[in-house]
Every structure is written in C-alpha cells, then in structure tokens.
Amino acid sequence: MKINDVIHAKSTQAVVTIGPDATVRELIALLAEHNVGALVVSEDGERVSGIVSERDVVRRLHADEAVLERPVRQIMTADVRTCAGDDGLTELMQTMTQHRIRHVPVVADGKLTGIISIGDVVKNRIGELEFERDQLDSYVHQT
C-alpha cells in the first residue's frame, strides 16, 4: 500500500497551513476550526517550513503562558520528516514510530500535496485487517 492510496481515501484532501508569523493563538483557532492535531507551517501554502502540533503548544504553554501571543515559528518543528506519495505505508509507520511523530506532510517536487496522520494509518490498517478477516471467513465457509 502506498501513501497516495491513503491520501485519496481521506474525506478531505486540502491541507491546512499556517504562516510562521501567525500567532500561537491563531494556530489554536485553526486547529479547533478544522478539528486537526497539527498544521504545516508554510510561507506560501506549498513549501514546508515546519510543522506545529497541539503537543508543541501544550509543552510551551506549560513553561510560558505568554506563548499564545508569540509567532508560530518559535514553537514549530523546523526539521520536518516528510514522505512522498509513492512511499510505502509500512516505511511510513516505521518512521512515525522511530521518531515519535503523528503527522507527516506528503511532498512532491518540493510542494506540499497532503498530510497523513497516525489516525489515517490506523484507519487504513484496520480496513486491511477487516478485509483479510472477511476473506478468511468466506474461505472457511466455502469448504
């Protein structure tokens, strides 16, 4: 299974981005509005400058309540793990586990084309297991 297969199965294809100069307060509003756990930080909506998650906000908020008025660039992860649409899902699962990340931007020719979350991966894997179970059940009941 390839990353593109999972991306195409998602109900929403658009990737919500935020500029690095937006405030953390604006970030929180977008996370809530779109019901997502992370946003790609991008100057132009195409190139990935960073990624910022709910976890980043909570960890910084604990140490500094004034973080809400600071720019996103101060809390984002700049060294972003990305994947390509033709990468394998198993490889992505290993990357997510090894680096303890939950959201991975999908990039083609340096441009953002999607984002895949651990939830997307789990949903896909459950679908595969249900299909296998149904196939085995069908096989057993044919004999």
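1. Buried means under 20% relative accessible area and exposed over 50%, with partly exposed in between (1.4 Å probe, protein chains only). By this definition D109 is exposed, at 81% relative accessibility. D109 lies in the loop between strand 4 and strand 5 (111-117). Helices (H or I, at least four residues) and strands (E, at least two) are DSSP runs, numbered from the N terminus.

2. The model is predicted: local features need pLDDT of at least 70, side-chain atom pairs count only at pLDDT 80 or more, and totals for chains, interfaces and linings use all residues. Residues are numbered from 1 along each chain as its sequence is written, and side-chain values use heavy atoms, with hydrogens and water left out.

3. Backbone angles deserve a remark. Most residues other than glycine have a negative phi. D109, which is not a glycine, has a positive phi of about 55°. R100 also has a positive phi, near 55°, and is a residue other than glycine. R100 is placed in the loop between helix 4 (89-99) and strand 4 (103-108), and is exposed with a relative accessible area of 66%.

4. An open sheet contains 3 strands in the order 1-2-3, with mixed pairing; two strands pair if DSSP finds at least two bridges between them. Strand 1 (17-18) and strand 3 (50-53) are at the edges and have a single partner strand each, so one side of each lacks a neighbour in the sheet.

5. Strand 1 and strand 2 (residues 38-41) run parallel and are joined by 2 bridges. I18 has V41 in strand 2 as its bridge partner.
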